[in-house]
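Hi everyone, thanks for coming. Let me put today's model on the screen, and then I'll walk you through it.

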Amino acid sequence: MQVHERYLTRMVRREGLPVHDRQADFDAEETTCPACMTTFQTAGTSRCPECGLNFG
Ligand SMILES: [Zn+2]
């Protein structure tokens, strides 16, 4: 049972939860913050208004 569980965990990690891209698309009018999944307007900002993540 424990071995099976470990195998599953490994599979989940490999198939992978980082489903969405880590980069926000600032060429688009709106983008989604990869950290908190908030959608916001890209015009005039390089930070997520929700969590403050700086996209530089
Ligand atoms: Zn955010």
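Let me begin with burial: a residue is buried if 20 or more other C-beta atoms lie within 10 Å of its own, exposed if 12 or fewer, and partly exposed in between, with C-beta atoms placed from the backbone. By that rule, Met37 counts as exposed, because it has 11 C-beta neighbours inside 10 Å. Across the 56 residues of the protein, buried ones make up 4%.

A word on what you're seeing. This is a predicted model, where local features need pLDDT of at least 70, side-chain atom pairs count only at pLDDT 80 or more, and totals for chains, interfaces and linings use all residues. Residues are numbered from 1 along each chain as its sequence is written.

How confident is the predictor? pLDDT is its confidence in each residue, from 0 to 100. The mean for the protein is 80, and 73% of its residues reach 70 or more. Confidence is lowest in helix H1, residues 2–15, at a mean of 70, and highest in strand E2, residues 39–41, at 93.

The protein has one helix and two strands, in the order α-β-β along the sequence. These are DSSP runs numbered from the N terminus: helices (H or I, at least four residues) and strands (E, at least two).

Back to Met37, which sits in the loop between strand E1 (30–32) and E2. Its phi is positive, about 65°, although Met37 is not a glycine. Most residues other than glycine have a negative phi.

Finally, Ala28 lies in the loop between H1 and E1. Its C-alpha is 7.2 Å from that of Thr42, 14 residues apart along the chain. Ala28 counts as exposed too, because it has 10 C-beta neighbours inside 10 Å.

Notes: pLDDT = per-residue confidence, 0-100.
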